Amino acid sequence: MTNQAPLTIPTVQGVASFLGGLMGRATPAKKIKVDWAREKGWLSFSEFRYPEGELAALFVADLPFCCWSGAALALLSPGLAQDAIKAGKLDQALQDNFAEVANVLTATFREFGERVILGQIHYAKLMAPEARPLVAATRRLDLEVTVTGYGAGRCGLLLT
Amino acid sequence: MLCVCSRKLCRYSELNSSLRAPFKVTNMKILIVDDAKAMRMIVRRTLRQAGVETERIDEACNGKEALERIKEAPPDLILCDWNMPEMTGIELLNELTKLGCKARFGFVTSEGTPQMLTAAHTAGARFVITKPFTPESFRSAIDQALG
């Protein structure tokens, strides 16, 4: 049980603008409904933690989002990202880049005066155990994000 | 006075011609300190987009490595992340102050709490650029630091 005040749910436009600023390109986003628990494909789970260490939120992303955003961040070719999607896994460079996307995304809560830091990132075909209590979170923002010049992927912020 | 710059100042699409004009100070020696390789590359790219014209840009992946580089050859400007393994940005800045290093020091970080800004200012940082950033936020911060 946390003693922390719950995080504010960011807006669709806020997250889209934030990602666009990071990647230096338009990243239009739209809200979607997704049941991450029923996803059969590869997902990543990034822990957003309060400075005191408690879990504040999970940032869930599918493989296309990780690949497109990771590639766009460092201006890697879309083809390289496409290859990773076909291969079903991130190579080390894309993984490192996506980690930076997740790291910077923690700052999206800054505008509400809230602070979280990136904890561990789990890359898995199956849902990580720590994600299970949060996948049904009612305080959430699930998005489809198009990284202009690359492609579209899905991600979600699941808040405690 | 500490200068705080963020993307709210400007978007890429709002870049104007004055932003593309070269900096008055060229050939400045710059050290970029960040544990994320991609971010070091982005900082390098953004400096170029901001109009900083220099070939003398070096990189370090944490404070400890940066300290060694700075002792060997002090840069004019240090752009440093806040959270890094081995030695954090604020620890690096404190070490440099002890050594009497005169390089201008600014943070480029996703942190941005009032406490962090106060700590940065107290330690002697010239500016804090928060991620995500724009070329204009870079230019504004560096202009002020050089002024």
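What pattern does chain B follow when read along the sequence? Chain B reads β-α-β-α-β-α-β-α-β-α-β-α, with six helices and six strands. Helices (H or I, at least four residues) and strands (E, at least two) are DSSP runs, numbered from the N terminus.

The model is predicted: local features need pLDDT of at least 70, side-chain atom pairs count only at pLDDT 80 or more, and totals for chains, interfaces and linings use all residues. Residues are numbered from 1 along each chain as its sequence is written, while chains are lettered from A and ligands numbered from 1 in the order in which they are written.

**Stop 1: chain B.** Select chain B and colour it by burial. Of its 147 residues, 44% are buried; a residue is buried if 20 or more other C-beta atoms lie within 10 Å of its own, exposed if 12 or fewer, and partly exposed in between, with C-beta atoms placed from the backbone. Two residues are in contact if their C-beta atoms, placed from the backbone, lie within 7 Å. Among contacts in chain B between residues at least 6 apart in sequence, 72% join residues at least 24 apart.

**Stop 2: the sheet of chain A.** Now select the strands of chain A. Six of them form an open sheet in the order S1-S5-S6-S3-S2-S4, and the pairing is antiparallel. Two strands pair if DSSP finds at least two bridges between them. At the edges lie S1 (29-31) and S4 (117-124) of chain A, each of which pairs on one side only. From one strand to the next, the twist averages 20 degrees.

Next, select S3(A), residues 55-62, where seven of the eight residues are buried. S3(A) pairs with S2(A) (residues 43-49) in the antiparallel sense over seven bridges, and with S6(A) (residues 151-159) in the antiparallel sense over five bridges. A:Ala57 has A:Leu159 of S6(A) as its bridge partner. Between S2(A) and S3(A), which form a hairpin, there are five residues; A:Gly53 in the turn has a positive phi of about 110 degrees.

**Stop 3: helix H4 of chain A.** Select residues 92-105. At 1.5 Å a residue, the 14 residues of H4(A) should span 20 Å, and because the end C-alpha atoms are 20 Å apart, the two values agree; the expected span is 1.5 Å times one less than the number of residues. Buried residues number 10 of the 14 in H4(A), among them A:Leu94, A:Phe98 and A:Val101.

**Stop 4: where the chains meet.** Display both chains together. 15 residues of chain A are in contact with 15 residues of chain B. On the chain A side, H1 (12-23) and H4 are the elements that give two or more residues. H4(A) gives the most, with five residues.

**Stop 5: the nonpolar core.** A nonpolar core is a set of buried Ala, Val, Leu, Ile, Met, Phe, Trp, Tyr and Cys residues joined through C-beta atoms within 7 Å. Which residues touch the most other members of the largest core? Of its 85 residues, they are A:Ala57, A:Phe59, A:Val60, A:Cys67, B:Val33 and B:Leu79. Helix H2 of chain A (residues 63-73) supplies the largest share, eight residues. Finish at B:Leu79, which touches B:Ile30, B:Ile32, B:Val33, B:Val43, B:Gly106 and B:Val108, not counting residues up to four places away in sequence.

Terms used: Axes are lines fitted to C-alpha atoms, for helices over the stretch in contact, and angles run from 0 to 180 degrees between N-to-C directions.
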